[in-house]
Amino acid sequence: MKGVQLCARFSIATNRLRYCGPEAADRSLYRSIVDGSDLDASAEALLRFEALEPYLSAIADKHGLDPLDYEVVEAYWIGNRLLEDFTREDFRGILDGFRKRGLPRKAAERLEAHLPENPLPHHAFHVTFVGVGAVTGKVATTVENMEKCRPAWARVTRVDGGTLEVEKPSLTIDGGLRLGPAGRSTCEFDPEILPGVTAGDTVALHWGWPALVLETEQATRLAAYTVRALTDSSKALGGLGVL
């Protein structure tokens, strides 16, 4: 799988909802996912997603890679070694990018003043610290929307036509942002995007959309980086007086 395809899997849901990225980009993203076509158009579109490009560029610049290199994309959406050793100064560059794309200056300054020592350029940290919809203003920053927007891992318990029954923990506030006990829910999926998905698989969800069947190690990393992101966000938001 190419980095463009991996990024398209996570990004297509928000584009269909008209929350992020250029209008109707989901058409080329879909083709890139299912048959590997329209990769150039998808790459161009993905780098116009308001809250995505600053992260990909920051991770890529730090490691001398292309913003849509597979490892860069995986770092942001799932988590890997490329997230380590990020500094406050590195993250200030990301906040500068957000200011240019719509994040109010005062909001950026407040976030900058409460950055943890080693902020994670991971989507779970963005969702909980910067805030869902903070850049575009198209989505309210609520715990419910944080849960929908964070890259979640879910164990498939049943496949029924175009529907998956899954089991996953959900975000809650309990002395800080935490993951609560696992509960069951259902979600629609596209067999063209997840061919052969079966009970026992672990899938990644974004806005209720099953984006990817995770390898065991990827699921482990996603869980670990999510916990780190929630811990850092809780401390920072406590300082901001939000929690």
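How much space lies in the largest cavity? I looked it up in what is a predicted model, and the value came to about 250 Å³.

**Entry 1: the cavity**

I searched the whole structure for cavities of 30 Å³ or more and found 1. Then I listed the lining of the largest cavity, which has 22 residues. Closest to the centre I noted Thr 14, Cys 20, Ala 51, His 123 and Cys 149.

Next I sorted the lining by class: 14 residues are nonpolar, 8 are polar and none is charged.

I also wanted to know which helices take part. At least two lining residues come from each of α1, α5 (70–77) and α8 (123–131).

**Entry 2: α1 against α3**

Two packed helices are described by the angle between their axes and the distance between the axes, so I checked both. Helix α1 (residues 3–16) and helix α3 (residues 39–46) have axes that come within 10 Å and cross at roughly 55°. The two are therefore oblique to each other, and the crossing of α1 past α3 is left-handed.

Which residues meet there? From α1 I wrote down Val 4, Gln 5, Cys 7, Ala 8 and Ser 11, and from α3 Leu 39, Ser 42, Ala 43 and Leu 46. By class, this contact has 6 nonpolar residues, 3 polar ones and no charged ones.

Methods: Residues numbered from 1 in each chain as written. Predicted model: local features only at pLDDT ≥ 70, side-chain atom pairs only at ≥ 80, totals over all residues. Heavy atoms only, no water. Axes fitted to C-alpha atoms, helices over the stretch in contact; angles between N-to-C directions. Helix = DSSP H or I, 4+ residues; strand = E, 2+ residues; numbered from the N terminus. Parallel < 35°, antiparallel > 145°, perpendicular 65-115°, else oblique. Left-handed = near helix turned anticlockwise from the far one by under 90°. Contact = heavy atoms within 4.5 Å. Nonpolar A, V, L, I, M, F, W, Y, C, P; charged D, E, K, R; others polar. 1 Å grid on protein atoms, 1.4 Å probe; cavity = no way out; pocket = protein on both sides within 12 Å on 5 of 7 lines; lining within 4 Å. Points joined across faces, edges and corners; volume = space filled by probe spheres on them.
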